[in-house]
Amino acid sequence: MKKIHYTEPWTKSVHFTILDVERLHSEVSPFQTIDFYRSDTFGTFFTLDGLMMVNEKDEFIYHDMISHVPMAVNPNIKRVLIIGGGDGGTAREIARYSGIEKIDMVEIDERVVRLSQKYLPLTAKTLDQDNRIHLFFEDGLAFVKNADKESYDLILVDSTDPIGPGEGLFTKAFYDNCYRALSNDGILINQHESPYFNEQKHEMIRAHAKIKDLFPIAEVYQFHQPTYPSGHWLFGFASKKFHPIKDHKMAAWEALNLKTNYYNSDIHKGAFMLPTYVKDALKNAR
Ligand code: SAM
């Protein structure tokens with residue numbers, strides 16, 4: 001198979017390139033262009049509208065940090081809603097908790113799920129192996145709007161960037177509906193972009209301004225995601241009741257003996273210790 005170079009614009013003047021990759025599949029779904037590749041360095045990976053989503057080499061970082069941080073704050077979480085997450089990695093990590101009773105995954109594009117099941121079993125294999133996982137191929141914005149009050153204990157927004165189908169998942173209306181759909185112990189984790197390049201910093205500030213106006217506890221945590229623009233990536237942690245550090249149930253989480261390759265109890269604390277320039281940008285967000 002012919003080898004090509006994969007290049008992604010991180011900004012107008014900064015590009016990320018992976019040399020000598022094989023393109024495994026390409027198609028245009030009703031929502032986006034989906035391309036699967038294989039690379040010596042990153043294994044199998046896929047992009048949506050030309051942007052890196054998931055690769056075999058560093059997916060464990062993102063899926064550890066979106067899943068285990070909230071689960072180590074509220075070990076009693078039973079009802080989980082994943083918005084997006086078409087590769088299955090977030091559902092895979094959440095399904096490792098035997099106390100969880102329901103995992104609703106709302107992915108707008110069924111083709112992302114079906115292609116991930118074919119080319120990326122590393123992340124997608126759990127999707128049809130666990131009867132707690134229910135797939136809904138629809139817009140997460142509408143799904144949350146119609147969700148019953150206090151019907152979930154954890155909402156994980158594992159979405160694309162706020163462009164295209166993902167744009168609605170960064171709106172006040174969406175966060176309002178997440179707040180209503182969450183129980184009083186509820187936690188919202190959302191894809192919070194990055195503080196480094198202006199393109200993503202602008203979205204980080206916009207999202208934080210909306211969330212901190214809604215939730216009494218609205219924190220942000222960081223992790224190293226080498227294949228996302230700048231490698232410095234963030235999640236938002238919003239809750240009606242639990243603080244991610246003050247209410248960290250470290251002993252209870254460690255007693256579960258879950259093997260993780262990125263998340264651990266030290267990283268749990270450290271991830272919320274943000275650089276001054278990030279703290280300042282978030283403090284002034286409006
Ligand atoms: N980890 C990746 C990241 O941080 O960019 C994202 C994982 S996953 C591939 C993102 C998913 O969000 C995609 O499969 C996309 O189809 C889905 N998505 C985008 N907008 C959506 C919406 N409004 N409702 C539900 N799913 C959506």
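Where is the kink in H1 centred? On Met65, and the kink is about 30 degrees. The bend at a residue is taken as the angle between axes fitted to the seven residues ending there and the seven starting there.

Before going on, some ground rules. This is a predicted model, where local features need pLDDT of at least 70, side-chain atom pairs count only at pLDDT 80 or more, and totals for chains, interfaces and linings use all residues. Residues are numbered from 1 along each chain as its sequence is written, and side-chain values use heavy atoms, with hydrogens and water left out. Helices (H or I, at least four residues) and strands (E, at least two) are DSSP runs numbered from the N terminus.

Back to H1, residues 59-71. At 1.5 Å a residue, its 13 residues should span 18 Å, and the end C-alpha atoms are 18 Å apart, which agrees. The expected span is 1.5 Å times one less than the number of residues. Of the 13 residues, 12 are buried, so H1 is largely enclosed by the rest of the structure. Buried means under 20% relative accessible area with a 1.4 Å probe, protein chains only. Met65 is one of the buried residues.

Now the sheet. It is open, with seven strands in the order E8-E7-E6-E9-E10-E12-E11 and mixed pairing. Two strands pair if DSSP finds at least two bridges between them. The edge strands are E8 (133-136) and E11 (217-224).

H1 lies across E9, E10, E11 and E12, at about 150 degrees to E11. Contact means heavy atoms within 4.5 Å. Axes are lines fitted to C-alpha atoms, for helices over the stretch in contact, and angles run from 0 to 180 degrees between N-to-C directions.

Notes. Buried < 20%, exposed > 50% of the residue type's maximum accessible area, 1.4 Å probe, protein only.
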